[in-house]
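Dear colleague,

Please find below the structure that I am handing over to you. My notes on its aromatic residues and on one pair of helices follow.

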Amino acid sequence: MAIAIKQQLSDVAKSKDQLSDIAKDRDENLFSNGLEEYLNGNYPLSAVTRKIFAGERLDRSDALSLYASDDLLTLAAAGDFARRRKAGKQKADYVYYIHNMHLNPTNFCVETCRFCSYANPQTKEGAYTWSVDQVLEQVAAGAALGINEVHMVGGLNPACNLDYYEEILLAVKSHFPHIHMKAMTAVEIEYLANLEGISYAETLSRLIKAGLDSMPGGGAEIFAESVRQHMLVKKTPANIWLEIHGTAHELGLKTNATMLTGIGENIENKVDHMLLLRQQQDKTGGFMCFIPLKCHYEGTDLASEVKEPTAADLLKDIAISRLLLDNFPHIKAYWIQLGEKLAQLGLSFGADDLDGTIGEEKITHAAGAKTPLQLAKEKMESLIAEAGQTAVERDTVYNIIAVSNRERQNPLPLPDRLKEI
């Protein structure tokens with residue numbers, strides 16, 4: 001990694017000064033001109049960046065050329081440019097977070113995906129299923145801390161049918177009507193619909209009536225069927241996942257989308273995954289945010305047979321998703337998986353969201369994540385300000401709750417920060 005960065009600094013001698021100037025420049029037009037001058041030379045990515053400046057949609061070959069490049073400075077500059085243009089001049093420096101909690105009411109799952117350390121078959125110790133009262137106890141603890149969102153997902157448990165989740169949603173909304181319920185992945189919707197023998201639309205409609213406000217983006221994994229088969233992922237293939245989210249959008253729900261890396265995929269798989277998401281967004285328009293995820297291997301047998309994504313790989317996912325998913329409003333640097341420092345760096349590559357304070361996140365931590373289980377609001381705002389951005393507390397659907405007045409700091413120039421990863 002250090003060699004690649006040194007080569008970049010040698011090949012693009014002006015980059016450090018120009019990126020520093022760009023970081024100080026808060027005028028969108030000057031920013032655009034400065035970036036264009038920086039990239040408008042005989043660089044390998046010039047053709048792609050010219051399309052970005054012109055506002056042209058990137059195609060598959062463009063995205064593959066971006067992934068093939070080790071020019072992280074150009075990727076960062078392009079991703080940040082696209083982020084600022086998407087946000088508009090008044091919000092160009094905004095980075096969002098939410099005061100939320102994660103809730104996992106059951107960890108028993110009939111699926112056996114190889115990359116999952118969270119779900120427990122009944123033969124394993126530690127399997128659990130919460131009663132509605134236990135769920136309410138968890139939500140009450142979060143409500144006492146002032147959360148405004150519950151992110152609820154769980155395993156595929158035959159004991160937890162549609163009635164169970166309707167009862168949970170009704171109970172939470174009865175006791176805490178102000179809390180937004182972002183719940184039920186497409187995988188869970190498929191499972192419940194099949195369990196009940198009803199359509200996806202009817203399943204979603206019943207949950208919406210009970211109190212479902214939006215859906216998370218989990219369960220997409222990688223859409224490539226070859227990877228899914230090797231990982232023993234039998235649940236929710238690409239067409240079903242996209243259909244369920246499209247149906248949710250048509251019913252008025254906003255949803256998110258994800259991509260899981262480090263499970264044997266290649267760059268073609270990643271690009272094709274994003275293109276399918278972009279195509280669905282063109283049709284139904286309900287995706288709010290794209291979240292690149294990485295696999296954690298503790299508790300699995302994968303580490304010896306797959307390539308773990310490097311920090312550079314993860315930064316590429318952020319930048320390229322920002323550039324390719326031109327119809328997605330937001331890109332997330334998910335601090336719970338990336339860690340605080342890499343997530344901060346992701347804010348220079350096109351991400352404009354760090355997720356939230358996240359009380360009691362279990363799924364990633366079951367696989368060995370070492371990030372703290374909860375970051376207070378003050379800590380979230382500090383992380384964003386340290387990255388030179390303005391922290392903005394949001395609700396689930398990106399309505400602004402409060403803009404922080406914490407003074408933005410001047411981080412080290414990007415080439416120096418990249419040397420540390």
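One aromatic cluster is formed by Phe223, Trp241, Phe287, Phe290 and Phe328. Please note that this is a predicted model, in which local features need pLDDT of at least 70, side-chain atom pairs count only at pLDDT 80 or more, and totals for chains, interfaces and linings use all residues. Residues are numbered from 1 along each chain as its sequence is written, and side-chain values use heavy atoms, with hydrogens and water left out.

Because Trp241 belongs to helix 12 (residues 238-250) and Phe287 to strand 7 (residues 287-294), the pair ties together parts 46 residues apart in sequence; helices (H or I, at least four residues) and strands (E, at least two) are DSSP runs, numbered from the N terminus.

As for the helices, helix 6 (residues 72-87) packs against helix 14 (residues 311-324) at an angle of about 40 degrees, with the axes 8 Å apart; axes are lines fitted to C-alpha atoms over the stretch in contact, and angles run from 0 to 180 degrees between N-to-C directions. The contact (heavy atoms within 4.5 Å) involves residues including Leu72 and Leu75 of helix 6 and Ile320 and Leu323 of helix 14.

Yours sincerely

Definitions and conventions: Phe/Tyr/Trp six-rings, centres within 6.5 Å; stacked < 30°, edge-to-face > 60°.
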